[in-house]
Amino acid sequence: MSRKGRTSAVIALCCAVGGVGLVGCEEPSEDGSSQAASGSSASRRPADDGVLTAAGTRKIKVGGRSVNVSCSGAFAEGKPVIVLLHGGGDSLQKMAGLQKKLSGTNRVCSYDRLGAGASGKPDGPQTLDSTGKVLTGVIERVSGDAPVVLGGHSLGGLIAARYAGDNQDRVAGLVLMDATSPTQKADLTEAVPESATGPGAELRDQTLAVLGGKNPEQLTVRDGKVRSAGDIPVEVVKHGKRYLAKVPEYGAAMERAWSEGQRKWLAVSSRSKLSTAENSEHYIYLDQPDVAVRALQRVTSQAADRA
């Protein structure tokens, strides 16, 4: 594998597990923290419907930090709000096309996590618990007391699934698009042993560093058991094009480990379904956007029927 090929593989895998990437410039923020939802709205309207409906992005305050948020589409009574979570090293801009496609029939929001895109930088190291608190703040602002369906890609999928297990009162459904495995570190060290050399070892070492917090979000991602979110509708969609298999010697094992990691997420709900985006590599919502759109629409519809 050429040096250029190794670099591409490293970026692909690192984005898959927590990410390297560009951090956008921050714009002046608007402090709307006093408008957080109280959860008492009889009509179940989003708390900031009048502030965040317009196209484009707005800055809100969550825990004193500036968070970049984008919402589009009309809120419908009894229908969950879709909240999209980008992968590591990405931003909400990468998911803009998906948000636009969904907004014709759904209220859809996305946001940049701290350290990503145009949101503020974290005060220090982050954990899944702390990034989950920011997600709670975003949900309260864009959804109020209405339920949400979380659609997460890669690291965003892991965050969404972990969050759902601890917040069953907020999350009505999940779509996990090639989500980072709940046991990514163990999966990787088993597929690529410590004795490995060459591109496989390079991938392992850089990925372990990313999982350990060496990423723009300063987010440490630890392995853990999948916590159940009950019987909410869940769709797990994995890539079909075996891009990791291109890594010499260890690629096939890495692909097997990734596929097994996708199956592990099925334990998040008794109503989970696994499918494959046959013509996609890691970025399913870019390679096959209709697959992502249909999955999110199905889950949102099922969640509304259960409300």
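Which residues does leucine 266 touch, not counting residues up to four places away in sequence? I looked that up before anything else. Leucine 266 touches Val236, Ser272, Lys273 and Leu274, where contact means heavy atoms within 4.5 Å.

**Ground rules**

I'm working with a predicted model, where local features need pLDDT of at least 70, side-chain atom pairs count only at pLDDT 80 or more, and totals for chains, interfaces and linings use all residues. Residues are numbered from 1 along each chain as its sequence is written, and side-chain values use heavy atoms, with hydrogens and water left out.

**Leucine 266, continued**

I found leucine 266 in the loop between α8 and β8 (271-277). Helices (H or I, at least four residues) and strands (E, at least two) are DSSP runs, numbered from the N terminus. With a relative accessibility of 26%, leucine 266 counts as partly exposed. My note on the cut-offs: buried is under 20% relative accessible area, exposed is over 50%, and partly exposed is in between (1.4 Å probe, protein chains only). I also checked leucine 176: it sits 90 residues from leucine 266 in sequence, yet the two are 9.9 Å apart in space, C-alpha to C-alpha.

**The whole protein**

I counted 10 helices and eight strands in the protein. Of its 307 residues, 54% count as buried. Among contacts with a separation of 6 or more, 78% are between residues 24 or more positions apart. The accessible surface comes to about 12700 Å², and 49% of that belongs to carbon and sulfur atoms. Those areas come from the Shrake-Rupley method with a 1.4 Å probe, and for residues only the protein chains shown count as cover.

**Helix α6**

Next I went through α6, residues 184-191, and found Gln184, Asp187, Leu188 and Ala191 buried. Seen down the axis of α6, the buried residues fall within an arc of 95 degrees, so they line one face of the helix. The arc is taken from the directions from the helix axis to the C-beta atoms.

Lysine 185 is also in α6, but this one is partly exposed, at 47% relative accessible area. What does lysine 185 contact, leaving aside its neighbours within four places in sequence? I got Leu208, Leu211 and Asp223. Aspartate 223 is 38 residues from lysine 185 in sequence and 6.5 Å away in space, C-alpha to C-alpha.

**The largest cavity**

I found two cavities of 30 Å³ or more. The largest has a volume of about 70 Å³. Of the 10 residues that line the largest cavity, Gln184, Leu188, Met254, Ala257 and Trp258 are the closest to its centre. Which helix gives the most to this lining? It's α6, with four residues; α8 (251-264) supplies at least two. The lining divides into seven nonpolar, two polar and one charged.

How these things are defined: on a 1 Å grid over the protein atoms alone, a cavity is a set of points where a 1.4 Å probe fits but cannot get out, a pocket is an open set with protein on both sides within 12 Å along at least five of seven lines, and lining residues have an atom within 4 Å of a point. Grid points are joined across faces, edges and corners, and a volume is the space filled by probe spheres set on the points. Ala, Val, Leu, Ile, Met, Phe, Trp, Tyr, Cys and Pro count as nonpolar, Asp, Glu, Lys and Arg as charged, and the others, Gly among them, as polar.

**The largest pocket**

The largest pocket comes out at about 310 Å³. I listed 16 lining residues, with Leu128, Asp129, Arg162, Asp166 and Arg227 nearest the centre. The largest share, five residues, comes from α4, and α5 (155-166) gives at least two. I sorted this lining into three nonpolar, six polar and seven charged.

**Two positive phi values**

Most residues other than glycine have a negative phi. Serine 154 has a phi near 55 degrees, in the loop between β5 (148-153) and α5. Glutamate 249 has a phi of about 70 degrees, in the loop between β7 (233-239) and α8. Are they buried or exposed? Serine 154 is buried, at 0% relative accessible area, whereas glutamate 249 is exposed, at 69%.
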